[in-house]
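Trainee: I'd like to learn how to read a structure like this one. Can we go through it feature by feature?

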Amino acid sequence: MRNSSLDVKPLAGGLGAEILGVDLRTDLPAEEWRTIDAAFAEHGVIFFREQDLTPEQHIAFAGHFGPINVNRFFTPVPGHPQIAEVRKEPHHRKNIGEVWHTDHSYDEIPALGSVLLAREVPEVGGDTMFANMYLAYETLSDGYKRMLEGLRAVHSSRHIFGPNAAYHGNDLKDRLANASLAVQDAVHPVVIAHPITGRKALYVNPNFTVGIEGWTAEESRALFDHLFRHAVRPEFTCRFRWRNGSIAIWDNRCTWHLAINDYHGHRRLMHRITIDGTRLH
Ligand code: SIN
């Protein structure tokens, strides 16, 4: 039996860890998978360097975490519908994912997470930020937590990917499609218990959450103004600097992420696979 040389190095106090000493192109022994699974549960997002995976190896790695969810709106990688392109060319101004969000929260059964593989990144810029929604919840006062108890929030894909979404008027229209399929609305608890860890996490996000069930738009906005500002306190976040071949896998149930759009004039190409989750309670 091979000795595991795998090393888990936290990236920041709030969340995130790099896993060193592993080659994801090989068949990993069960012990290494256990270390990876435990790091994923503990740190919310984990990163690997120098993983030059083929699309098939990328799909196999993602498949360890659950069934693959085929994205409806992003351009697929030719020949691999399970892999979505997250791409910005030198002539583009807009990028994909520049507002804090949780992937697919508009689905009734939202995604577990995503595996993002860097194919071509600019020399400078294009980092991704992550925020820890356990900490965002746990650091609220007891009184505020009591107010959130039992609240449910409405999430939607319509305003982001639908026929009236802003992208039809900007250069994202080259990269997004299927506006007519953006008919998803879902209602989830504002605070969920994570299906694996059981820890409570805030489950609303600035991109897809459109209101609190039974509240007016103005009341919802006032709540979100506070929560969305609080949730990204610097000590709840980490920032990842990509190199070609870097991989991140994040847990959508307890994190947000945001792609920084600070590399105009340069190309950035990422391959993303999203993994099916379970109903949230
Ligand atoms: C995404 O929001 O899924 C993309 C993140 C990134 O490109 O860094």
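Predicted model: local features only at pLDDT ≥ 70, side-chain atom pairs only at ≥ 80, totals over all residues.

Trainee: Then which backbone nitrogen does the side chain of Asn-132 reach at 2.8 Å?

Mentor: That of Tyr-134. The Asn-132 side chain also has a polar atom 3.0 Å from the backbone nitrogen of Leu-135.

Trainee: Where does Asn-132 lie, and is Asn-132 buried or exposed?

Mentor: Asn-132 lies in strand β8, which covers residues 128–132. The cut-off for buried is under 20% relative accessible area, so Asn-132, with 8% relative accessibility, counts as buried. Setting aside neighbours within four places in sequence, Asn-132 is in contact with Gly-14, Leu-15, Phe-236 and Cys-254.

Trainee: And Cys-238, what does Cys-238 touch beyond residues up to four places away in sequence?

Mentor: Cys-238 sits in strand β14, residues 237–240, and counts as buried because its relative accessibility is 5%. The residues Cys-238 touches include Leu-11, Ala-12, Leu-15, Val-45, Phe-47 and Phe-130.

Trainee: On to helices. Which residues of α2 are buried?

Mentor: In helix α2, residues 55–63, the buried ones are His-58, Ile-59, Phe-61 and Ala-62. They cover an arc of only 160 degrees around the axis, so they are on the same side of α2.

Trainee: What about empty space? How do I read that?

Mentor: The idea is simple: roll a probe the size of a water molecule over the atoms, and you see where empty space is left. Here, the largest pocket holds about 420 Å³ of space. Its lining has 25 residues, with Asn-95, Gly-97, Ile-160, Leu-172 and Asn-207 nearest the centre.

Trainee: Which helix gives the most to that lining?

Mentor: Helix α5, residues 158–161, with three residues. By class, the lining of the largest pocket has 13 nonpolar residues, eight polar and four charged.

Trainee: How much space lies in the second largest pocket?

Mentor: About 210 Å³. Of the 15 residues that line the second largest pocket, Phe-40, Leu-112, His-194, Ile-196 and Arg-253 lie nearest its centre. Helix α1, residues 30–43, provides the largest share of this lining, three residues. The lining of the second largest pocket divides into eight nonpolar, four polar and three charged residues.

Methods
Residues numbered from 1 in each chain as written. Heavy atoms only, no water. Buried < 20%, exposed > 50% of the residue type's maximum accessible area, 1.4 Å probe, protein only. Helix = DSSP H or I, 4+ residues; strand = E, 2+ residues; numbered from the N terminus. Arc of directions from axis to C-beta. Polar contact = N/O pair within 3.5 Å; in protein donor to acceptor, adjacent residues only side chain to side chain. Contact = heavy atoms within 4.5 Å. 1 Å grid on protein atoms, 1.4 Å probe; cavity = no way out; pocket = protein on both sides within 12 Å on 5 of 7 lines; lining within 4 Å. Points joined across faces, edges and corners; volume = space filled by probe spheres on them. Nonpolar A, V, L, I, M, F, W, Y, C, P; charged D, E, K, R; others polar.
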